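Please open the structure in a viewer and keep the selection tool at hand.

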2 protein chains.
Amino acid sequence: MSVNSTIYDIAAEAGVSIATVSRVLRGERSVSPATREKVEAVIARRNYRPSSIARGMTSKTTHSLGIVLPKLLNPNYAMIFTGAYDGARRHGYSMNMFPWKSLTDQRSTPALLLAERRLDGVIICLEYLPPEENERLMRSLQELRQYMPIVLIGCVPAAFEYPTISYNMADIARSTVEYLVGLGHSKIALIGGVEADRDDLRRDVGYRQGLEEAQLPYVDSYRAYCGGTAEEGAAALDQMLSSLLPAHWPTAVIALNDLVAMGCQDTARKRGLRLPEDLSIVGCDNLFCAPYLIPALTSIDTHQQLLGQKAVELLLSGETRRENAAWTLVRRDSCAPCKSGEPAFRTAGY
Amino acid sequence: MSVNSTIYDIAAEAGVSIATVSRVLRGERSVSPATREKVEAVIARRNYRPSSIARGMTSKTTHSLGIVLPKLLNPNYAMIFTGAYDGARRHGYSMNMFPWKSLTDQRSTPALLLAERRLDGVIICLEYLPPEENERLMRSLQELRQYMPIVLIGCVPAAFEYPTISYNMADIARSTVEYLVGLGHSKIALIGGVEADRDDLRRDVGYRQGLEEAQLPYVDSYRAYCGGTAEEGAAALDQMLSSLLPAHWPTAVIALNDLVAMGCQDTARKRGLRLPEDLSIVGCDNLFCAPYLIPALTSIDTHQQLLGQKAVELLLSGETRRENAAWTLVRRDSCAPCKSGEPAFRTAGY
DNA sequence: GAGAAAAATGTAAGCGTTTTCATATAATTC
DNA sequence: GAATTATATGAAAACGCTTACATTTTTCTC
C-alpha cells in the first residue's frame with residue numbers, strides 16, 4: 001500500500017543528497033534557489049511527504065498532544081475536546097483523545113500507555129473518583145508527569161501543584177443562588193454531584209454562602225446528590241419531592257448540569273408542576289439543546305470549548321499557573337419570580 | 001522531560017542483548033523463563049515503555065487509524081467518533097480525528113496530510129459539497145487511497161467503488177412517510193438537505209415513493225431545503241408556512257435530523273400550532289435530548305455509534321463490500337393521528 | 001558421550017528522518 | 001589573483017526499535 005517514496009528517492013531523482021532534500025523540506029534558507037526549485041519539483045511530482053514517524057525519531061518532539069476524557073459522548077466533553085483540538089492545531093500540534101481507562105485501569109504500569117506514545121504533553125480532565133481509585137490516579141499522574149507536561153482541567157484540590165484550568169465552582173453556585181434569591185426564591189434546592197466529591201464540596205460551599213448572604217437557612221433536604229445524567233437528575237428530584245410535604249417543596253432548583261436539569265423538568269412535569277411558575281430551574285453548561293427545551297433552560301455557560309483551548313495554551317506555555325475559566329449565566333425562560341408568599345423554613349433567627 | 005530509558009538501557013541492566021529485550025517485550029516464546037523474568041524485572045523497575053514511534057519505524061504498521069469528520073461538535077459525529085474509537089481500541093488501534101479541511105483545504109497536496117501520518121487506514125465521513133469542491137474531494141480520495149485503505153461513511157453514490165457503510169436513505173424516508181400515512185396524514189412535508197445533494201436525492205426518492213404508494217401527490221411546496229441546524233430548520237418551516245394558506249399547511253413534517261426537528265417545533269409553537277395535534281414531527285438520529293423535548297420527539301435512531309464501529313471493522317477487514325447500516329423508528333409523542341378530515345391537494349387523478 | 005536437532009541468545013542491518021561536521025564552491029577583500 | 005570568508009552541499013552518525021541470520025547453548029537420540 002505504501003507507495004510512498006522516501007527522502008532517498010527524492011534525493012536520487014533530484015541529483016542531490018538527502019541532507020539537501022531535508023533542508024528544502026524544512027524550509028532552511030541555506031539552499032540555493034536553483035537546487036530548491038529542482039528538489040521541490042521532484043517532491044511535487046512524486047507526491048512525496050516526509051514520514052512524521054521518522055521525523056519523530058530524531059526530533060524528539062512528536063508535535064502531538066493528548067487529552068484524557070471520561071467520555072466523549074457527553075456533549076460537554078465533546079466540546080472540550082473540540083476546543084483543545086483546535087487549540088492544538090493552531091500551534092501545529094495534533095490532539096489525541098484517550099479514555100479515562102488509560103490512566104486508571106491498567107494493572108501493570110498505568111499512565112504509561114500515554115508515555116508510550118511520546119506525546120509532547122497531555123491535558124487531563126478530572127472527575128470524581130472514589131478515594132482508593134483517586135489514590136491510584138494521583139500516583140499515575142505523578143508517574144506520568146515524569147514523562148511529559150501535564151495540565152489539569154476541572155476542579156482540582158488547591159493542594160495540587162499541577163498547572164490547572166478550572167472553574168470557581170463556589171463562585172458559580174453562589175451567584176446562581178443570588179440570582180434565584182433576586183427572583184424571590186427562598187427554597188432553593190441543589191441537585192447533583194457525588195457527596196464525597198471535592199469538586200462538589202466547593203459547589204456546596206458557594207451554595208451555602210449564597211444562602212447565608214441572603215439570610216436563608218441551609219436545609220439538608222434541599223441538597224440531593226446524583227450522577228450527571230438526565231435519568232439520575234429526574235430520580236433525585238422525584239425522591240426529594242416525595243420526602244417533602246408539598247408546602248415545603250423547593251421553588252427553585254440548581255442542577256449540576258443541563259442533563260440533570262432536563263431530568264428535573266421531566267419530573268416536575270410528571271408531578272403536575274407548572275414550569276417555570278411552580279419551579280424555577282437553572283442548568284449548567286448551556287448545551288445546544290437548552291434553548292429548545294420547554295421552558296427554554298436558563299443555564300450557566302461554561303464555555304467549554306474555550307476551556308479546552310486555554311488548556312492547550314497553558315500546556316504549551318510551560319507555565320505552572322492555575323487559571324480560572326470564565327462563565328456566564330444565560331437567562332432564558334426556566335426561571336420565574338417566586339410566587340408563594342411566605343418562604344417556608346424561615347425561622348425567627350433569620 | 002524524557003526520562004525514558006531505551007531498550008539498550010534495559011538490555012545492559014539485565015545483562016542481555018537488545019534483541020532479547022525486544023522479544024520479551026513482544027511476548028515471543030523463544031525466551032527462557034529465567035531470562036524473561038530477569039528482563040521483566042528490569043522493565044518494571046525502570047518503568048520502561050517502548051517508544052511507539054521507533055516501533056512504527058520498523059514495523060511499517062503504526063496501529064493507528066484516522067477518521068475525518070465535518071465537525072465534532074455535532075453530537076452525531078461525536079457518536080460516530082466514539083463508536084469508531086471504541087472499535088479501533090478493541091483491535092489495539094488508536095483513532096485519530098481529522099477535520100474535513102485536511103482533505104479539501106490544502107492548496108498543495110491535499111489528502112496527504114493524512115498520508116504523512118502513516119495511518120493504517122482512514123474512515124471518511126462524507127457530506128454534501130458543492131460540485132467543484134466535491135470534484136476536488138474525489139481526487140483527494142483517489143490520491144489518498146494509494147497510501148492507505150479507506151472506508152466511506154454516509155450516503156455515497158453507488159458508482160463509488162470504495163468500501164462503504166451507509167444508510168438506505170430512500171428506505172428510511174419511505175418508511176417514515178408510511179408511518180405518517182398510517183396516522184392519517186396526507187400533507188407531509190420533508191425539510192432539510194441540500195437541493196443538489198446526491199444523498200438527499202435518495203432521501204427524496206424514498207419520500208416520493210412513500211407518497212406514491214399511499215396514492216398521495218408530491219407537492220413541491222412541501223419540500224424545503226436547508227442546512228442541518230435548528231435555526232435553519234426553524235427558518236425553513238417558517239418560510240414554508242408563510243408561503244401556504246393555513247388550510248394547506250402540512251400536518252406532518254419529516255426533518256433531516258433532530259436539530260432541524262427542534263427548530264420546527266420552535267417555529268410551530270411560535271405560530272401557535274399545537275404539538276402534536278396540529279403538526280406531527282419526525283426527527284432523525286435520536287439525540288440524547290429527543291426524549292426531553294416537548295412533545296418528546298419521535299425520531300429515527302441511526303445507531304451512529306454502531307456505525308462508527310462497523311466502519312472500523314470493515315476497514316480492518318480489508319474487504320471492499322458496501323454495507324447498509326441498521327436504523328429504527330423510535331416512537332415518542334411528537335406524532336399524532338391526523339385530525340383534519342379531507343386531505344388537501346388530493347386530486348381526482350389519485 | 002558423540003553427533004544432530006532444537007532452543008536461546010546475540011549481531012548487525014535496516015526503517016526514514018534530522019543534524020553535526022567536513023568539504024567544495026562561490027563571493028569577497030586587499 | 002591569492003587569501004579569506006560566506007555559502008551550498010554532502011557524508012555519516014544518530015534516534016529506538018524489529019528482525020533475519022549467525023552463533024552459542026541446551027536437549028535429544030542411539
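The model is predicted. Begin with the protein surface near DNA strand C, which by class comprises twelve nonpolar, ten polar and seven charged residues.

**First stop: the surroundings of DNA strand C**

Display DNA strand C together with the 29 residues that surround it. The closest of these are Ser22(A), Arg55(A), Arg23(B), Thr35(B) and Thr58(B). Of the atoms of DNA strand C within 4 Å of the protein, 59% are part of sugar or phosphate, and the rest are part of bases.

Next, select Arg55(A): one of its polar side-chain atoms lies 2.6 Å from a phosphate oxygen of DNA strand C. Move on to Thr58(A), where a polar side-chain atom is placed 2.9 Å from a sugar or linking oxygen of DNA strand C. In chain B, select Ser17(B); here a polar backbone atom is 2.7 Å from a phosphate oxygen of DNA strand C.

Now colour the elements that give two or more residues to this surface: α1 (7-14), α2 (18-25) and α4 (52-59) in chain A, and α2 (18-25) and α4 (52-59) in chain B. The largest share, four residues, is supplied by α4(A).

**Second stop: strand β2 of chain B**

Select residues 94-99 of chain B, which form strand β2. How many of its six residues are buried? Six of the six are, and the strand is mostly covered.

In a regular strand, side chains alternate between the two faces of the sheet. Inspect both sides of β2(B) in turn: Ser94(B), Asn96(B) and Phe98(B) are on one, Met95(B), Met97(B) and Pro99(B) are on the other, and both faces are covered.

Return to chain A and select Asn257(A), located in the loop between β8 (252-255) and α12 (258-270). Is Asn257(A) buried or exposed? Asn257(A) counts as buried because its relative accessibility is 8%, and buried means under 20%.

Finally, display Gly228(A), Gly283(A), Cys284(A) and Asp285(A), with which Asn257(A) is in contact when its neighbours within four places in sequence are left aside.

Definitions and conventions: Residues numbered from 1 in each chain as written. Chains lettered and ligands numbered in written order. Predicted model: local features only at pLDDT ≥ 70, side-chain atom pairs only at ≥ 80, totals over all residues. Heavy atoms only, no water. Buried < 20%, exposed > 50% of the residue type's maximum accessible area, 1.4 Å probe, protein only. Contact = heavy atoms within 4.5 Å. Near = heavy atom within 4 Å. Polar contact = N/O pair within 3.5 Å; in protein donor to acceptor, adjacent residues only side chain to side chain. Nonpolar A, V, L, I, M, F, W, Y, C, P; charged D, E, K, R; others polar.
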